[in-house]
Amino acid sequence: WHLLIPDLPGFGHSPGPFTVAGAAAAVAEIAAAQRRPVHLCGLSLGGIVAACVSAQAPGRVASLLLTGTPVAPARDFPATLRMYRYLPGPALRTFSDISGRREWLRMIGELHAIDLRGHLPHITARTLVICGARDKRSLPAARELAEQIPNGRLWVAPFQRHAWPTTSPRLFSEVSAGFAVSKDDAE
């Protein structure tokens, strides 16, 4: 596999500011530069960005894998967004490599404002929505994503929590590779 793992604008070494639209545009630009349609994968905020790209550039996305992704974060994770808004500066590095408190609050504002419901019917790629069985707060959104994306289906990862791709990387690799390689790709 040829993997591209970009820093979203405002994260890591990429200049900001972070916006969901800007992040989706950056990822869409990377996808457009590839010879063939890409397989997009996103966890939580990355899932929001991947869903936006898939809806806006459907011909560039072969498959989509979303895990721990909210549909409307203000509705799906209100307590988490409130907690994140008031995190002390030194604690931010525990959750993100975004550049400073000001950018952190911008990201929280973006999450508060985004609602994927209008995007979901426009996603044409085969989509696997995964939710960790122990990620109870994400399960309603995962069900909604799988139901509202035309080619979506849901799989609940046994014994897993929200960040299961980082805590169970072998399982995540097996599931994601198995999903990306479909009968259509093998032809």
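A residue is called buried here when its relative accessible area is under 20% and exposed when that area is over 50%. The views below are all taken from a predicted model.

**View 1. Helix 4 and its buried residues.** In helix 4, which runs over residues 78–85, the buried residues are Thr80, Leu81 and Tyr84. Looked at down the axis of helix 4, these buried residues fall within an arc of 100 degrees, so they line one face of the helix. An α-helix has 3.6 residues a turn, so residues three or four places apart point the same way. The buried residues of helix 4 pack against helix 3 (73–76), helix 5 (92–95) and helix 6.

View 2. Helix 6 is made of 13 residues and reaches 18 Å from its first C-alpha to its last, close to the 18 Å expected at 1.5 Å a residue. Its buried residues are Glu103, Trp104, Met107, Ile108 and Leu111, and because they fall within an arc of 145 degrees when seen down the axis of helix 6, they line one face of the helix. The face of helix 6 turned away from this buried side carries the exposed residues Arg102 and Ala113. The cover over the buried residues of helix 6 includes helix 2, helix 3, helix 4 and helix 5.

**View 3. The surroundings of tryptophan 104.** Tryptophan 104 lies in helix 6, residues 101–113, and is buried, with a relative accessible area of 1%. When its neighbours within four places in sequence are left aside, tryptophan 104 is in contact with Tyr84, Leu87, Leu92, Phe95, Ser96 and Ile98. Leucine 92 and tryptophan 104 are twelve residues apart in sequence, and their C-alpha atoms are 7.8 Å apart in space.

**View 4. The crossing of helix 1 and helix 2.** Two packed helices are described by the angle between their axes and the distance between the axes. For helix 1 (residues 20–32) and helix 2 (residues 45–56), the axes come within 9 Å and cross at roughly 65 degrees, and the crossing is right-handed. Helix 1 contributes Val20, Ala23, Ala24, Val27 and Ala28 to the contact, while helix 2 contributes Ile48, Val49, Cys52, Val53 and Gln56. Sorted by kind, the residues of this contact divide into nine nonpolar, one polar and no charged.

View 5. Glycine 16 and proline 17 are joined by a cis peptide bond, with omega about 5 degrees, and proline 17 belongs to the segment before helix 1. Serine 44, in the loop between strand 1 (38–43) and helix 2, has a phi near 60 degrees, which is a positive value in a residue other than glycine.

**View 6. Phenylalanine 159 in its loop.** Phenylalanine 159 is placed in the loop between strand 4 (152–157) and helix 8 (164–167). Although phenylalanine 159 is not a glycine, its phi is positive, at about 65 degrees. The residue is exposed, with a relative accessible area of 61%.

View 7. The twelve residues of helix 9 (residues 169–180) should span 16 Å at 1.5 Å a residue, and the end C-alpha atoms are 16 Å apart, which agrees. Buried in helix 9 are Phe172, Val175, Ser176, Phe179 and Ala180. These residues cover an arc of only 125 degrees around the axis, which puts them on the same side of helix 9. On the face of helix 9 turned away from the buried side are the exposed residues Arg170 and Glu174.

Conventions: Residues numbered from 1 in each chain as written. Predicted model: local features only at pLDDT ≥ 70, side-chain atom pairs only at ≥ 80, totals over all residues. Heavy atoms only, no water. Helix = DSSP H or I, 4+ residues; strand = E, 2+ residues; numbered from the N terminus. Expected span 1.5 Å × (residues − 1). Buried < 20%, exposed > 50% of the residue type's maximum accessible area, 1.4 Å probe, protein only. Arc of directions from axis to C-beta. Axes fitted to C-alpha atoms, helices over the stretch in contact; angles between N-to-C directions. Left-handed = near helix turned anticlockwise from the far one by under 90°. Contact = heavy atoms within 4.5 Å. Nonpolar A, V, L, I, M, F, W, Y, C, P; charged D, E, K, R; others polar.
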